[in-house]
Amino acid sequence: MTQSLAERAVEVLMTADGRAKTALGRRHAAEWLAARAAGTPLPIGQASPPLRPARPDAPELLSPRDMPRRRPGSTMGRNALLHAVAHIELNAVDLHWDIIARFTHVPMPLGFYDDWVRAADDEAKHFNLMCDCLEAAGSHYGALPAHAGMWRAAEDTVDDLFGRLAVVPMVLEARGLDVTPGMIAVFEKAGEAGPVEALKTIYSEEVSHVAYGSKWFNWLCGRDGLDPKDTFHSLVRRYFHGVLKPPFNEEKRADAGLPPDFYWPLTEPETDGFPPENS
Ligand SMILES: [Fe+2]
Ligand SMILES: [Fe+2]
């Protein structure tokens with residue numbers, strides 16, 4: 001029997017090793033996209049994604065305040081930066097397969113699945129690019145501690161597709177657009193061409209992930225007769241911990257369909273006169 005897309009997504013989520021996870025995900029993505037191009041789409045199906053994806057034993061996961069601070073001017077600091085990006089990309093692989101498997105009860109056009117399969121495939125490429133850079137520098141993914149709590153956004157929005165789209169692509173991935181040019185500058189200054197190229201690839205491909213988020217968020221709001229901007233504000237305030245931090249990459253955010261009146265009001269704490277909700 002043909003393995004459904006949801007079953008394939010869960011298989012990726014249950015694979016612990018990063019290189020093995022991304023290789024499997026890329027194979028499933030190629031098969032999904034080939035079947036779509038042939039006009040014979042694979043079934044979406046249903047599956048039970050784990051609350052947390054399988055991960056390798058290393059890196060050790062630490063709370064942000066326990067993470068060692070390293071200067072980006074040093075080789076060690078630049079390695080730590082690549083390691084942090086590799087960790088973000090591996091989380092992104094799982095986040096995209098998770099949105100595919102988690103919300104199959106919500107009727108969505110096949111284009112929704114095309115977009116997240118493509119995004120998952122991009123993230124697999126990005127993780128491998130970062131691993132290649134680390135290995136070229138004599139290190140590897142798992143050599144340093146990494147940020148715990150990156151999966152929190154997924155757990156917080158486990159039963160809310162609107163909230164998942166608002167927080168993951170439209171807040172977290174949009175933040176990537178803000179900070180990546182600064183990272184590219186660090187490696188340019190150090191004259192390290194490999195990481196510069198890899199980060200430029202990541203930067204150019206991330207715009208589409210934010211765009212997929214805003215496209216499907218707006219689509220869902222339109223289906224349900226909700227105001228997208230007001231809905232976005234209330235969901236981010238509910239699920240995202242803290243305020244958004246400028247400076248924003250206004251140009252790339254615009255390319256991705258994120259207007260300023262979506263994110264600027266979220267740089268301020270809520271001022272409706274009510275105390276914050278208990279969480
Ligand atoms: Fe990425
Ligand atoms: Fe992404």
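A residue counts as buried here if 20 or more other C-beta atoms lie within 10 Å of its own. Keep that in mind while looking around this predicted model.

Start with helix α1, which spans residues 5-13. This helix is mostly covered, with seven of its nine residues buried. Those buried residues are Leu5, Ala6, Arg8, Ala9, Val10, Val12 and Leu13. What do they pack against? Their partners are α2 (18-37), α3 (75-102) and α4 (110-136).

Ala9 turns up again in the largest nonpolar core, which has 67 residues. Ala9 is among the residues there that touch the most other members, along with Ala86, Ile100, Trp116, Met130, Ala166 and Met170. As for where the core gets its residues, α4 supplies the largest share, 13 residues.

Now for Gly163, which sits in helix α6 (residues 161-189). Is Gly163 buried or exposed? Gly163 has 21 other C-beta atoms within 10 Å, so it is buried. Phe103 is 60 residues away from Gly163 in sequence, and the two are 12 Å apart in space, C-alpha to C-alpha.

| Residue | In contact with |
|---|---|
| Gly163 | Thr157, Leu235, Arg238 and Tyr239 |
| Met170 | Leu165, Val210, Gly213, Ser214, Phe217, Phe232 and Leu258 |

So much for the tour: α1 is mostly covered, and Met170 belongs to the largest nonpolar core.

Note on methods: Residues are numbered from 1 along each chain as its sequence is written. Chains are lettered from A and ligands numbered from 1 in the order in which they are written. This is a predicted model: local features need pLDDT of at least 70, side-chain atom pairs count only at pLDDT 80 or more; totals for chains, interfaces and linings use all residues. Helices (H or I, at least four residues) and strands (E, at least two) are DSSP runs, numbered from the N terminus. A residue is buried if 20 or more other C-beta atoms lie within 10 Å of its own, exposed if 12 or fewer, and partly exposed in between; C-beta atoms are placed from the backbone. Two residues are in contact if their C-beta atoms, placed from the backbone, lie within 7 Å. A nonpolar core is a set of buried Ala, Val, Leu, Ile, Met, Phe, Trp, Tyr and Cys residues joined through C-beta atoms within 7 Å. Lists of a residue's contacts leave out its neighbours within four places in sequence.
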